[in-house]
Amino acid sequence: MAVLLACACQAHAQQDGDSFHDPFLQLTQGLPGCPVASPPSYTEQELRDIAHDRAQRGVSCWLDGRCRLPGAYQYDAEIIPRVARAVEHAGNLADTSLWALGQRRHVWLVGCVSRQEQIRQLETLVRRIDDVEDVHLQVIVGTQGRVPYKVAQ
């Protein structure tokens, strides 16, 4: 019975995760004490619930003539490395701890910055990147307080 339970738990754990392969990347790690962001993960039920919506949203961009690729989610693997290069070359973001997530040409920036003006700079920087449709900022100034993102366990 214990072996059967262990196998069932392992199978469930393998099903949880990001089966959509949304790119999630740590951009900087220069602000010690910043709560580590959790990569996206979904339960099997959540995967089923959002799969249709993702398929519909992904192809509608192409059908509307707003995308060069047949699915909006196909851009994300290209966009997030460009975000990383832009942040690295910005030169004044080394004192931040940031992560980026890409989903259907939208970029979520999460983490901690040292100064308020870095928030505006990040948004401007990422909006200028080709194929980025929108930028969502979930950052705090400093490392104290409640963060607006899911924290790694």
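Q: Is R68 buried, partly exposed or exposed, and what is its relative accessible area?
A: The model is a predicted one, in which local features need pLDDT of at least 70, side-chain atom pairs count only at pLDDT 80 or more, and totals for chains, interfaces and linings use all residues. Residues are numbered from 1 along each chain as its sequence is written, and side-chain values use heavy atoms, with hydrogens and water left out. Buried means under 20% relative accessible area, exposed over 50% and partly exposed in between (1.4 Å probe, protein chains only). R68 is partly exposed, at 49%.

Q: Which residue forms a salt bridge with D131?
A: A salt bridge is a side-chain nitrogen of Lys or Arg within 4 Å of a carboxyl oxygen of Asp or Glu. The closest N and O atoms of the pair are 3.0 Å apart. D131 lies in the loop between α4 (117-127) and β4 (134-141) and its partner in the loop between α2 (44-63) and α3 (76-90), so the pair ties together parts 63 residues apart in sequence; helices (H or I, at least four residues) and strands (E, at least two) are DSSP runs, numbered from the N terminus. The partner of D131 is R68.

Q: How far apart are the closest N and O atoms of R115 and D95?
A: R115 is partly exposed at 30% relative accessibility, and D95 is partly exposed at 24%. The two residues form a salt bridge, with these atoms at a separation of 2.5 Å.

Q: Which helix holds both R127 and E123?
A: R127 and E123 form a salt bridge. They are four residues apart and therefore separated by about one helical turn, in helix α4.
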